[in-house]
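Hi everyone, thanks for making time this morning. Let's have the sequence and the model up on the screen, and then I'll walk you through a few side chains.

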Amino acid sequence: LAARAFYAGRPGVTRTEVAHAPKDEREADRIAKVLADPPLGLENLEALRGGGQLHKGALIVEPHVLIPSLLEGAETRFGEAVTLADLDDGVPTLLAAGHLVPDLLASLQLEGRLGQVEWFDSAVDAPAAAMARGDYALALGKRRLWG
C-alpha cells in the first residue's frame, strides 16, 4: 500500500491486477491461510475461483521511464567504484549496478541471484494485466514481459 501511494501518478507506473495461481500444494496452502485471514480488505485482495488470489491495485513499473523522473535533481555518477566510506551519512544514496553491486560494496557480502526477464513487443495491443505462478507474465499495451 505504501508503494502504491508513493508511485501514484508517476510516469512509467500503471495500475493493474495480478492473478496469482499457486505453483504447488505448499503455495496453495499458504494462499489459503492468507485468504482465511486476509491482511488487506476485498478492495485489495480476493480469492480466485479455482484457487489462488487476485491482487487488486498492483503496479507495473517500467524502470526506464520511472527512474529518470525519480533522479531529477540528484547528483549522479556513472562507472565509479564506491565504498561505504565514500557515502555521506546525511545523503540518501542509490546504487544501481545490477550484478556488479557485490563488487562495489564487497563489505556488505551481497550475493546475486540468477533469473531471467524477457521483454518483447507484440503486434497486439492489450490492457494492463499480470499473472503469477512461480514465474510471471504481464501485458502493457504492445509490450510483454515474461520471467
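Let me start with a question for you: is phenylalanine 6 buried, partly exposed or exposed? Phenylalanine 6 is partly exposed, with a relative accessible area of 42%. Please keep in mind that this is a predicted model.

On to the aromatic pairs: the structure holds two. In one of them, the ring centres of phenylalanine 6 and tyrosine 7 are 5.0 Å apart and the planes stand at 80°, so we call this pair edge-to-face. Tyrosine 7 is partly exposed as well, at a relative accessible area of 23%.

The other pair joins phenylalanine 120 and tryptophan 146: centres 6.4 Å apart, planes at 5°, so this one is stacked. Phenylalanine 120 sits in strand 4 (residues 118-133) and tryptophan 146 in strand 5 (residues 135-146), so the pair ties together parts that are 26 residues apart in sequence.

Where is glutamine 53 placed? You'll find glutamine 53 in strand 3, which covers residues 53-61. Its relative accessible area is 3%, so glutamine 53 counts as buried, the cut-off being under 20%. Leaving aside residues up to four places away in sequence, glutamine 53 touches several others, among them Val18, His20, Ile31, Leu35 and Glu46.

Note on methods:
Residues numbered from 1 in each chain as written. Predicted model: local features only at pLDDT ≥ 70, side-chain atom pairs only at ≥ 80, totals over all residues. Heavy atoms only, no water. Helix = DSSP H or I, 4+ residues; strand = E, 2+ residues; numbered from the N terminus. Buried < 20%, exposed > 50% of the residue type's maximum accessible area, 1.4 Å probe, protein only. Contact = heavy atoms within 4.5 Å. Phe/Tyr/Trp six-rings, centres within 6.5 Å; stacked < 30°, edge-to-face > 60°.
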